[in-house]
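Here is a short briefing to read beside the structure. Keep the model open and look up each residue as it comes.

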Amino acid sequence: METPGSQTSLHRANLERVVRAVRMAGSLTQAEIARSTGLSAATVSNIVRELKDGGTVEVTPTSAGGRRARSVSLSGDAGVVIGVDFGHTHLRVAIGNLAHQVLAEESEPMDVDASSAEGFGRAEALVNRLVRTTGIGQDKIIGVGLGVPGPIDVESGTLGSTSILPGWTGINPSAELAARLGVPVYVDNDANLGALGELVWGSGRGVRDLAYIKVASGVGAGLVINGAIYRGPGGTAGEIGHITLDEAGPVCRCGNRGCLETFTAARYVLPLLRPSHGPDLTMDRVVQLAREGDPGCRRVIADVGRHIGSGVANLCNLLNPSRVVLGGSLAEAGELVLGPIRDSVARYSIPSAARQLSVLPGALGGRAEVLGALALVLSEMGDSTLLEATLSPGTPAFT
């Protein structure tokens with residue numbers, strides 16, 4: 001039995017620190033592990049050797065700063081995680097290993113008005129199909145990350161009111177999918193997962209504080225503070241779409257007037273252009289036309305950018321993030337939308353906060369949320385199971 005403060009417990013704690021650092025980064029050199037954990041280079045070298053001998057990590061030659069180095073990642077066969085993303089009109093599933101390699105990914109259209117039972121049934125079928133395709137054994141699945149387009153109550157785990165999936169309100173998505181798949185399921189809203197995805201794989205790499213802004217049928221923000229998602233005590237942090245821009249503006253679905261969402265979300269923006277561009281216009285098409293030079297679409301995109309920038313300026317004044325990442329299809333407009341966002345930030349935020357901020361398009365596009373779901377499992381899973389093989393040689397890493 002380990003005694004707190006003993007050499008045995010200290011050694012295990014150091015093992016866990018190294019495994020946790022590698023698990024969240026995907027791969028790190030030994031020097032990077034030493035910097036991120038605060039352990040000495042000699043201690044890291046000894047721990048990496050022990051973890052390698054136990055089959056927990058893999059070590060491959062690489063280079064860093066022009067010098068030879070060794071890259072450390074979790075063993076590719078140590079287990080897999082699964083990401084499931086329910087979007088406005090799609091279902092996307094991805095399978096990845098603990099070395100942050102995506103092994104399989106597939107997306108299919110989904111009726112936004114489908115019942116929760118139908119939605120979870122289709123998710124179960126798609127997950128099982130991809131698992132069979134990759135030949136992964138059930139015992140290798142560590143957990144599933146699940147993204148839903150609505151707020152999750154932190155205490156109950158139930159889905160709050162959402163206009164995107166109204167028939168799902170009050171459903172416990174984690175419990176529903178876990179019962180079908182037989183593995184732990186971790187759930188979060190799509191904006192938070194988009195933030196996680198960009199933080200680990202995309203435009204947020206290397207920063208500790210960022211805001212991921214997603215503009216679709218609604219407007220939401222995933223907030224990362226000191227490297228971790230900030231959800232708030234009720235799970236509703238990041239509802240940037242309901243910042244008031246005009247008290248006499250249009251009535252929002254939340255009941256207030258003039259929310260940011262009423263000036264930027266697709267349901268409010270598209271009617272401005274449909275008289276001249278037809279009833280089948282979508283935001284993807286608006287972005288495409290704007291990039292091709294359509295004056296009406298360019299004007300609307302610029303207006304949306306300025307309004308988003310006002311909301312971002314409020315975030316800057318309150319939280320002072322170092323980076324804002326714009327996700328969703330709107331990010332494909334590039335500088336047509338990013339320029340106006342930066343203009344508003346410069347105008348409405350504290351100068352010192354604006355100087356420190358960079359505004360970038362998301363690097364992952366429509367994959368941000370499903371990759372964020374993978375990252376959610378990687379962040380929530382414990383390290384004890386991964387260390388079983390190292391601490392007990394001959395014992396399988398997963399049972």
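Two strands pair if DSSP finds at least two bridges between them. Helices (H or I, at least four residues) and strands (E, at least two) are DSSP runs, numbered from the N terminus. This is a predicted model, where local features need pLDDT of at least 70, side-chain atom pairs count only at pLDDT 80 or more, and totals for chains, interfaces and linings use all residues. Residues are numbered from 1 along each chain as its sequence is written, and side-chain values use heavy atoms, with hydrogens and water left out.

- Strand 9 covers residues 210-215. Of its 6 residues, 6 are buried (under 20% relative accessible area; exposed is over 50%, partly exposed in between; 1.4 Å probe, protein chains only). The strand is therefore largely enclosed by the rest of the structure.
- Both of its faces are covered. L210, Y212 and K214 are buried on one side, and A211, I213 and V215 on the other.
- Strand 12 (residues 323-327) runs parallel to strand 9, with 5 bridges between them. Here Y212 faces V325 of strand 12.
- Strands of a sheet pair through backbone hydrogen bonds, either parallel or antiparallel.

- An open sheet is formed by 3 strands in the order 1-3-2, with antiparallel pairing. Strand 1 (27-29) and strand 2 (57-64) are its edges, and each pairs on one side only.
- The average twist from one strand to the next is 30 degrees.
- Strand 2 and strand 3 (residues 67-74) are antiparallel and share 8 bridges. V59 stands opposite V72 in strand 3.
- Helix 2 packs on this sheet and touches strand 1 and strand 3. The direction of helix 2 makes about 95 degrees with that of strand 1. Axes are lines fitted to C-alpha atoms, for helices over the stretch in contact, and angles run from 0 to 180 degrees between N-to-C directions.

**Helix 1 against helix 2**

- Helix 1 (residues 7-25) and helix 2 (residues 30-37) have axes that come within 10 Å and cross at roughly 110 degrees. The two helices are therefore roughly perpendicular. Angles of 65 to 115 degrees count as roughly perpendicular, under 35 as roughly parallel, over 145 as roughly antiparallel, and the rest as oblique.
- The contact (heavy atoms within 4.5 Å) uses R17, V18, A21 and V22 of helix 1. Helix 2 brings I33, S36 and T37.
- These contact residues divide into 4 nonpolar, 2 polar and 1 charged. Ala, Val, Leu, Ile, Met, Phe, Trp, Tyr, Cys and Pro count as nonpolar, Asp, Glu, Lys and Arg as charged, and the others, Gly among them, as polar.

- N14 is found in helix 1. Its relative accessibility is 11%, so N14 counts as buried. Not counting residues up to four places away in sequence, N14 touches L39, T43 and I47.
- F86 lies in strand 4 (residues 80-86). F86 is buried, with a relative accessible area of 0%. Leaving aside neighbours within four places in sequence, the contacts of F86 include L91, M110, F120 and W168.
- F86 and S156 are 70 residues apart along the chain, and their C-alpha atoms are separated by 20 Å.
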